[in-house]
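Let's take a walk through a protein together. Have the picture open beside you and look for each spot as it comes up.

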Amino acid sequence: MQQRDRRRLVGLGAAGAVAVALVAALVLWSGPKREVLPPPAIPGLPGTPPLGWNSWNAYGCDVDEAKVRHAADVLASSGMRDAGYRYVVVDDCWFAPERDASGRLRADPARFPSGMRALADDVHAKGLGFGLYTGASFQTCAQMLGAYPGSTGSRGHERQDAQTFAEWGVDFLKDDWCGPVAGADEVVGVFAAMRDALRATGRPILYSINPNSGSGLRPADLRQFAGVATMTRTSSDVIPVWHALGGAAGMLGVRDAVDLSAEGASTCVTRPGSFCDNDMLVIGSAPVVVDGAATPPLTAEEERTQFAMWAMWAAPLMLGDELEAVSPQTLAMLTNPGVLAIDQDPLVRPATAVPGSGGSLWTRQLADGSTAIAMVNRDDVPRLISTGLTGLGLPSSPQYEVSDVFAGTGKRQNVQLRMRVAPHDTVLLRARAVS
Ligand code: GAL
């Protein structure tokens, strides 16, 4: 009897186990699929996006150590370093066109006579981080395009170059494809080799990649770089114009970058320690020549749009201008604590465009439970942009506290938001339910 009972119990147990397994399988099968992403590429770095300065837009191949020291001085003395702009990055053309007899990279002796270790020491002494650029393939971009001699790309030299960078005190490496068209597996593999080489140095060197340049990769391929780099470029270069798409070899204006992001074609993943790089800030930049004509400088409104949207996307904020004559207004904008707090929000959840808004309305969830809202006027005439706050994902409430981040003002109001937005301008708000 006892035995029979036990058998029945065992029988029931088996049936129960099968039922539990079936239910579990059903839940797993029908529930939302949670993608497990690899850990951030380089351990030991902050979870929030990097800020700094990069030499390329201002100086191209005409960069030298005096210009780099000058940029470091301005960052340190203007208050920008203390606001978070930490990295000074020397882009393409810093190196001698050939490696030395043991295959090591060397600084160009004419433009960087002190050498990179000494320059890095000077930058560090100002409380800043030092960055360099390399080509992931066999040449850098300037070499590939014939603007600079030699073939000093890092492909096949990853271990040696990473070791050299670590010995020089490099804190940030920009690694640019600029090689032949290749399949996604090959491009991912080449960048991962440098990531592994950087990791092996034991120095937390922020790893910034541009897989777009010449590789033939599409924005839809970028998800594969999650875990490969600290920051991954999502587009071609941004130039200081409002709209450039179709002109200047596929370069983007500020509005084009907003539109491309609203279309959601890029699968790049932003999360703590991993960022999507929308290229440099062109705020305060000198006009460029597009299709033979000099462009007008960006207006204050257009600059506000770039700064607001890069912050909304939790994007790296890399200044690209000469830092010669930063106006007090530009400085005030670049160090605006409210905008920087949105960019640096610890939740690191990038903004998404509100469906149906045509890229004029964006929201981003913040760590303290509030929501950042950007209202972008993409048009050439003023627009009244209005929206209901609950429709933006805020909890339903009779009262909201809404602060205008650029104006530094705040007010209480009901659920409906109506803002007049100047042409090409962005109103950036931070809202939370209060009752
Ligand atoms: C491009 C890159 C620029 C700059 C340049 C240097 O591919 O997008 O940001 O690094 O190469 O040649």
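Which cysteine forms a disulfide with C141? The partner is C178, and the two sulfur atoms are 1.6 Å apart. A disulfide here is a pair of cysteine sulfur atoms within 2.5 Å. The torsion about the S-S bond of C141 and C178 is about 80 degrees, so this disulfide is right-handed. C141 lies in helix α6 (residues 141-144) and C178 in the loop between β4 (172-176) and α8 (184-201), so the bond ties together parts that are 37 residues apart in sequence. Helices (H or I, at least four residues) and strands (E, at least two) are DSSP runs, numbered from the N terminus. Both C141 and C178 are buried; buried means under 20% relative accessible area, exposed over 50%, and partly exposed in between (1.4 Å probe, protein chains only).

A quick word on what you're looking at: this is a predicted model, where local features need pLDDT of at least 70, side-chain atom pairs count only at pLDDT 80 or more, and totals for chains, interfaces and linings use all residues. Residues are numbered from 1 along each chain as its sequence is written, and side-chain values use heavy atoms, with hydrogens and water left out.

Back to the cysteines: the count comes to three disulfides. Another one pairs C61 with C93, with the sulfur atoms 1.9 Å apart. C61 sits in the loop between α2 (56-59) and α3 (65-78), while C93 sits in the loop between β2 (87-90) and α5 (116-125), so this pair ties together parts that are 32 residues apart in sequence. C61 counts as partly exposed at 25% relative accessibility, whereas C93, at 0%, counts as buried. Then there's C268, joined to C276 (S to S 2.1 Å). Its torsion is about -105 degrees, so that disulfide is left-handed. Counting bonded cysteines along the chain, the pattern is 1-2, 3-4, 5-6.

The largest pocket holds about 950 Å³. On a 1 Å grid over the protein atoms alone, a pocket is an open set of points where a 1.4 Å probe fits, with protein on both sides within 12 Å along at least five of seven lines; lining residues have an atom within 4 Å of a point. Grid points are joined across faces, edges and corners, and a volume is the space filled by probe spheres set on the points. This pocket is lined by 43 residues, and W56, N57, D237, I239 and M251 lie nearest its centre.
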